[in-house]
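Dear colleague,

Please find the structure below, together with its sequence. My notes on what was found in it follow.

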Amino acid sequence: FYLYFIYKFSLLLKTLKPDIIYSVSENIQLLQTVVWRRLFLPKAKLVFFTMDLRARTSGSRNVSLRYLHSYIIERFVWCLVRGGTDAAVCHYPAIADRLRRDGYSKPILVQTQIGVDESAFYPDDSDGKSRRFTLGLAGFVVGFAGRITEEKGIFDIASAMLALPN
């Protein structure tokens, strides 16, 4: 896939000659985009989207030899991305803070994606009662769909639930 992406994407950039490139991928595609932009469209602006809260530069100074190559590659890639992009878009302020701590000095737009399609999601008491009965649930119920990680807020929900009576 990546070899195909490299070839096709480089052709697209040469043909379309965009003024702004918006990359929604953080892995090898973003690195490729940085390189192709630098080679073929040095005046085009490159904006990348991130939902990644992991540290890009910090980490133990005592990196074991087993992981040294990964550490060096990650640091090198981050240096290229940090220097080869013009702005970042992220989902929430903690990611913007992480980018700043990792040395990203260019503009960062925090674009939360909060919203619900009310035509698809609406209160349905009969459906809710039926599901509660089927699952054997009573009282206050919280649903969660997502990765069970700190940045998703599941631990905040659990802490708040402990403070509730019953």
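A salt bridge is taken here as a side-chain nitrogen of Lys or Arg within 4 Å of a carboxyl oxygen of Asp or Glu. The model is a predicted one, in which local features need pLDDT of at least 70 and side-chain atom pairs count only at pLDDT 80 or more, while totals for chains, interfaces and linings use all residues. Residues are numbered from 1 along each chain as its sequence is written, and side-chain values use heavy atoms, with hydrogens and water left out.

By this rule there are three salt bridges. One of them joins the side chains of Arg131 and Asp127 at 3.1 Å, N to O. Both residues lie in helix α5, four residues apart, about one turn of the helix (helices are DSSP runs of H or I with at least four residues, strands runs of E with at least two, numbered from the N terminus). Arg131 is exposed at 54% relative accessibility, whereas Asp127 is partly exposed at 33% (buried means under 20% relative accessible area, exposed over 50%, partly exposed in between, with a 1.4 Å probe and protein chains only).

Asp86 forms a salt bridge with Arg37, with the closest N and O atoms 2.8 Å apart. This pair links distant parts of the chain, 49 residues apart: Asp86 is in the loop between α3 and β3, and Arg37 is in helix α2. Asp86 is partly exposed at 24% relative accessibility, but Arg37 is buried at 8%.

Arg98 and Asp102 form a salt bridge through their side chains (3.2 Å, N to O). Arg98 is buried, at 12% relative accessible area, and Asp102 is buried too, at 2%.

Arg98 also belongs to the buried residues of helix α4 (residues 93–101), along with Ile95, Ala96 and Leu99. Seen down the axis of α4, these fall within an arc of 160 degrees, so they line one face of the helix (the arc is that of the directions from the helix axis to the C-beta atoms). They pack against β2 (45–50), α3 (65–84), β3 (87–90) and β4 (108–110). After α4 comes Gly103, with a positive phi near 95 degrees.

Leaving aside neighbours within four places in sequence, the contacts of Leu99 (heavy atoms within 4.5 Å) are Phe48, Thr50, Arg56, Trp78, Ala88, Tyr104 and Ile108.

Thr112, in the loop between β4 and α5, is partly exposed at 44% relative accessibility.

With kind regards
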